[in-house]
Amino acid sequence: MFNLMIMGFVMFSISILMLVIVNLISKKTFTDREKSSPFECGFDPKSSARLPFSLHFFLIAVIFLIFDVEITLLFPLIISMKMSNPMNYLIVLMVFIIILILGLFHEWNQGALNWST
């Protein structure tokens with residue numbers, strides 16, 4: 001039992017010693033302004049927080065989320081394909097996809113998808 005305690009203490013001491021040595025000889029600098037700043041997509045962290053936010057960036061993100069959620073609604077249709085009438089299944093699937101395509105064309109005609117405005 002005593003040998004196990006000594007061996008545990010030696011292993012703990014070696015690991016602490018290795019951590020201290022690595023921290024002393026590493027070339028990391030924590031004073032680098034760019035690396036220590038948080039990164040947010042669409043924001044400049046070094047500028048004032050009161051500057052206006054890019055509304056177009058926000059609109060593209062919302063459109064992506066809407067279409068992403070609608071596409072995930074197609075997965076239950078795949079599972080229910082075995083249990084439903086093929087004609088009803090086809091009608092529901094086509095109506096759903098037509099709504100998605102019409103929404104996409106509407107956003108395109110409104111100019112929401114044009115990045116260079």
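**Notes on the helices and their cover**

1. Helix H5 (86-110) is part of what covers the buried residues of H3. Contact here means heavy atoms within 4.5 Å, and buried means under 20% relative accessible area, exposed over 50%, and partly exposed in between (1.4 Å probe, protein chains only). Helices (H or I, at least four residues) and strands (E, at least two) are DSSP runs, numbered from the N terminus.

2. The model is predicted: local features need pLDDT of at least 70, side-chain atom pairs count only at pLDDT 80 or more, and totals for chains, interfaces and linings use all residues. Residues are numbered from 1 along each chain as its sequence is written, and side-chain values use heavy atoms, with hydrogens and water left out.

3. The protein chain has five helices and zero strands, in the order α-α-α-α-α from the N terminus on. Of its 117 residues, 9% count as buried. Among contacts with a separation of 6 or more, 45% join residues 24 or more positions apart.

4. In H3, the buried residues are His56, Ile63 and Phe67. They lie on the same side of H3, because the arc they cover around the axis is only 25 degrees (taken from the directions from the helix axis to the C-beta atoms). The 18 residues of helix H3 (residues 55-72) should span 26 Å at 1.5 Å a residue, and the end C-alpha atoms are 26 Å apart, which agrees; the expected span is 1.5 Å times one less than the number of residues.

5. Tyr89, Leu93 and Leu100 are the buried residues of H5. Their cover includes H3 and helix H4 (75-79). H5, with 25 residues, reaches 36 Å from its first C-alpha to its last, close to the expected 36 Å. Just after H5, Gly111 takes a positive phi of about 85 degrees.

6. Is H1 largely buried or in the open? Of the 24 residues of H1, the number buried is zero, so H1 lies largely in the open. From first C-alpha to last, H1 reaches 35 Å, close to the 34 Å expected at 1.5 Å a residue. Val10 lies in helix H1 (residues 2-25) and is partly exposed, with a relative accessible area of 40%.

7. The accessible surface of the protein chain comes to about 10,800 Å², of which 74% belongs to carbon and sulfur atoms. Accessible areas come from the Shrake-Rupley method with a 1.4 Å probe; for residues, only the protein chains shown count as cover.
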